[in-house]
Amino acid sequence: MSTATATANVFGSEVPQPAQHGQPGGIMRRLNFVTGLIGGLALATIAGVVTNILTPSGASTATFAPAAPDYVYLAVLLGWVIGFMAGMGAFVGPIRWLLGRDITHADAEYLAGKDLGWKRYWKFTTDHKVVGVQYLIMVMIILGFGGLLAMLIRTELGVTWAEVFSPSFYNSIIGTHGIAMIIGMIIVVMGPIANFIVPIMIGARDMAFPRLNALSLWLLVAATPCLISSLFQGGVQDGWSVYQPLASQGPPGMLGYQMTIIVFAFSTGVASVNLMVTTLTMRAKGMTWSRTPILVYGVFAAALMGLYAFPFYQYSQILAMSDRIFNTSFFDPLEGGSVWLYENLFWLLGHPEVYVIIIPSAAVLMEILPVFYRKPLFSFNFAVAGIVGVVALSGLVWAHHMYMTGWAPAVNYPFMLSTEMISIPVGFLVLVAIGTMWRGVVWTRLPVMAIYAVIFNKMIGGVTGIYLSDVPVDQYMHGSMFVVAHFHYMLMGAGLFGAMGGVAFYFSKMTGRMLDERAGSIGLWTAFVGFQITFGSMFVAGLQGQPRRVLQFDSLFNISNWISTIGAYIIGIGMLIFLGAIISSWMYGEKATSNPFGSKSLEWQTPTPVPLENFAVLPVVTEKPYDYGVPDPYQKELAAVDGDLDTQKVGSQS
Amino acid sequence: MKRTLVTLLSVVVGVAIVAGIAVFNSVREAEPPTLKAETAGTMQTPQGELPHATLELAVYPNSSASVPPPKTSSNFEANWLSGQPFYWPSTSIQVPANSAVTITFIQYDSGGTIYNPYFADVHGSMDGTMVVNGETVEGIKPSEVGHTFTVHDFPESSQPDFFLSVPLKMNKGNAKTNKDGYPEKPQKMEVTFITGDPGKYVWNCEFPCGDMYQEFGGPMQTRGWMAGTFEVV
Amino acid sequence: MTTTDIRPSGQPDEPEAPTNRPPSMHRVKMWLRRPYARGILVLTVVIGFLLLPLCWLLLAAMNQTGAPASPIMRDIEQTVFVFTLISIPITAFVFAVLVYSLLGWKHISGDEVPADQSPAIRSNTIGVVMWTAVSSLLAFFLVVWGLVELAQITANSYGTIPADEQPGDSQALIVNVTGQQWVWTFEYPQYDGITSETLYLAKDRPVYFNVTSKDVIHNFWAVELGVKIDANPGAITQTGVTPDKLGNFNVRCAELCGMHHAYMETGIQVLEKKDFNSWAREMGGGKTA
């Protein structure tokens, strides 16, 4: 019970406060995940029942489908999302502003989870560290769901003599696997690491918009049941790209997909803005751009690409939903629409999106390499140039996914040019990585061993991408399993393994415990071996001529598919071991010290667990990052011969 | 020790969940029971005397008290497909190899104009003809198609190619109906074809008789209703 | 602790140029004296040779059902061969660095943060410039190769000419391909509009496909002929090829189109010209155009 206090002590100074209405935290004291669930389920039920009553029984849509399942499912989804967010307290802030109530320091501290213990992870907490951990949990759930579906898919493809699942069910699990993995991979680094680590890394106390941070996470939590529920409403019987007009033939599960994307696009948009403003405006004093760690660049670049690309995706799904519910014909060519409109809208996101996945993973690795090679990052400027080049070109290559659509054959030429060009900045990042490894004495801990897996997979993925970027070769390869193997090598081989290294690196700072590196290594390398078997064999199947998204195929492809399936099971075991290592270390791991890897980066200079305000005194940065290493002995010899110093700088002061 | 146990437990639980879900869905999505053609006697064909097998299939516009709907994989699907046409009694068809097979179709549904007039003609029958209500024809009018029965290849190149497409004539809108709502005098089609060596094939209807876009959704994309498997054993 | 990569002789080289500055060839030679430089170059060559068979293996995988059966497919295979060949040097180099970093340079294990031992190289202008130059040259080569090849194939397949303006070349065969869920049908407008569900073609006779769909997006992929184009509803897309090999080949649908997408396959039969003509006559089509 507190009366209206006049001032609050904020970092040693007395700051005048507005009137405190009730207890600190107000209604947010009572709102948490449970009330969110209750709100969501209640509003979903009410919306569903009301819609059911309002829809005349036996009513059909304009395409002769029963109207009730469509409308009721959409109402349930909308009710769930709005009710869940209301129950979580997402609207409390805006309503307070409407009522003219200011937030006091005590309220803000409550919202940030001060002194709440484990409960703060179940509430709409604004502390970026809490949001980072919540994202880590969500990532594991979503990737786990996608992995489960992957095991089902490979089982069907491995049983070549029979159909394990019906073709319609198979079509839905491949579509749902695709979108679940894409969503999981977008947030795997941008969620936990960008939220938890980056603000501390730049010497800030929190992100620019803490409430938006919590909003982006809980929107993701609201979107996940929309995707999972689609499987029970007939499934998403289209690939993850849900091309129209096939998507308009599907059962109501398609609405689950569309709602997932609409909500997820809000979540990403909000998170992107938050990240960009934070990195632009809240870096510590003295942290000029040449003193900013490369992870910040990578995360900023991904946020920027996500910000301009996701609206296309969201828009395409809104129009598709409108085609389905209101019988518009944006994408129905027989009524004046265009299928190519959908394909363009989709791939305008679809391509930058893979860079949203790859760039943060590469940036995390570039952050890890100097710590474990005890060497500065090789050519920091080149790394920045690579990231900038990728961002600049990422919006100019989308139609290489549409070479074979017959949309505009004349533009195949410029898109082939831009696609080949984009391999150059990506190559810069590979050079930075191997340049940092060059002549380095490596400390073989789990986070850095991931780099070997990533670079190996990235080279294979990159070279196979070159085949696909050539239009005539694409005439053979498009729509075959070769494409599937290529993007798995890039997104999973380079993206996921890199993210696993990043999670292994930041695990101790985020959870306060040391990761069991033996189990983690066994898991990662088992998954790596399984990965090569699965997708190497899949390249062969694609070259032989197996199309994608098929559950039955010529016996010519049998052997490649049996091998791929065995490899997939090995991946599954490996990933489960890695997951088990994470869970067991989180529960029983040894307590971590504040800087177990001897990193010189700002985020490792805080104690573990990181205090609520991150820094007692905000730091001032005076040196370039990655200040590791000893003077190069070859340089001294060369200098003695030359009589003057070479261009290589010894040490790091500048 | 505890850590290793928890790790191992995660693996075991993960594998169990995957296996459980796989088995559950496999059983749930199983094909309808097989409908076998009965062999009786022989028949003279251009390829000599072959054993003769017969089979009867009916196509209903919707379920009724006397004709229950096909089994569905979930309550949702039962609800989503209620009131849609289906083949009866089953869509998993089995015919003997190296035989002459006669399939009789009893068609109770209405129809319209088929999108691709190719499928208004019969293809793949023994002599390129079929019998429609007692009359031998090479096809029906593209504007009077109710459904088709189109068998086409599995993607398996080592089994013989097989293609059979039979158009099924529609019942006119003003036909007299019985108490279940089906026409009292349904259309009756008969087609005879020759099977080769054993192989697996699929069949589906090529007339848009479902719902959603171009009316090719719903039952047209559900095994057990307007699509199924066709096995030559 | 000293590093292990210092030159074995421990003595500076004799400068040869009069200005007391070693010329660049000498610097290269000095660099090559470093054990890791030789080690990585040797590894690059070894790994490169190990990767070399891929050029042929990739083609072997593609040719298992009778490919290549057209000049386009031959072009595609040549491109795959050349692209693999020129990707091998950079790939081998990167893999060599990966291997050498574990086997050649020192590594430390354990829980203690090791003391700094690695040379603090922040940049290397020569390395950066060489990498940029090589990768740009390679990318440029790939682009030029691809553009030229695409222009050639498009010229041969009338990719952008609408159906009613296609040449009345009596040589060329025109096939209207219709994809629908889930069968392909082929119509020969020059032969009284006979239709078939198997694609019959004549050897060495150019064929132009006008492809469309009756419902959703399909993709017409004549596998061994190396031809692929989407079948879009409400639009006609074109492609063309000249089959130059007899045999039975495959058409597969390469765009998910619903439940029986996997079963949307049919056959191609490439016959001698006279056999093709007799087939057309049998089906009831005299040549009308």
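## Chain C against chain A in a predicted complex

Strand β3 (residues 442-443) of chain A and strand β1 (residues 107-108) of chain C run parallel and are joined by two bridges. Strands pair if DSSP finds at least two bridges between them; helices (H or I, at least four residues) and strands (E, at least two) are DSSP runs, numbered from the N terminus. A:V442 has C:H107 in β1(C) as its bridge partner.

This is a predicted model, in which local features need pLDDT of at least 70 and side-chain atom pairs count only at pLDDT 80 or more, while totals for chains, interfaces and linings use all residues. Residues are numbered from 1 along each chain as its sequence is written, chains are lettered from A and ligands numbered from 1 in the order in which they are written, and side-chain values use heavy atoms, with hydrogens and water left out.

### Interface

In chain C, 105 residues are in contact with 109 residues of chain A, contact meaning heavy atoms within 4.5 Å. The size of an interface is often given as the accessible area lost when the parts come together. Between chain C and chain A about 9400 Å² is buried, with carbon and sulfur atoms giving 65% of that area; buried area is the accessible area (1.4 Å probe) that two parts lose on being put together, summed over both.

A salt bridge is a side-chain nitrogen of Lys or Arg within 4 Å of a carboxyl oxygen of Asp or Glu. Two salt bridges are listed here.

| Pair | N to O distance |
|---|---|
| C:D111 and A:R445 | 3.9 Å |
| B:E144 and B:K172 | 3.5 Å |

B:E144 lies in the loop between β8 (135-137) and β9 (145-153) of chain B, and B:K172 in the loop between β10 (164-169) and β11 (187-194) of chain B, so the pair ties together parts that are 28 residues apart in sequence.

### Confidence

The predictor gives the complex an ipTM of 0.93 and a pTM of 0.92. Chain C has a mean pLDDT (the predictor's confidence in each residue, from 0 to 100) of 85, and 86% of its residues reach 70 or more. Among the elements of chain C, strand β7 (residues 218-222) has the highest mean pLDDT (95) and helix α1 (residues 24-33) the lowest (81). Over residues 1-7 of chain C the pLDDT is below 50, and this stretch has 15 contacts beyond near neighbours in sequence.
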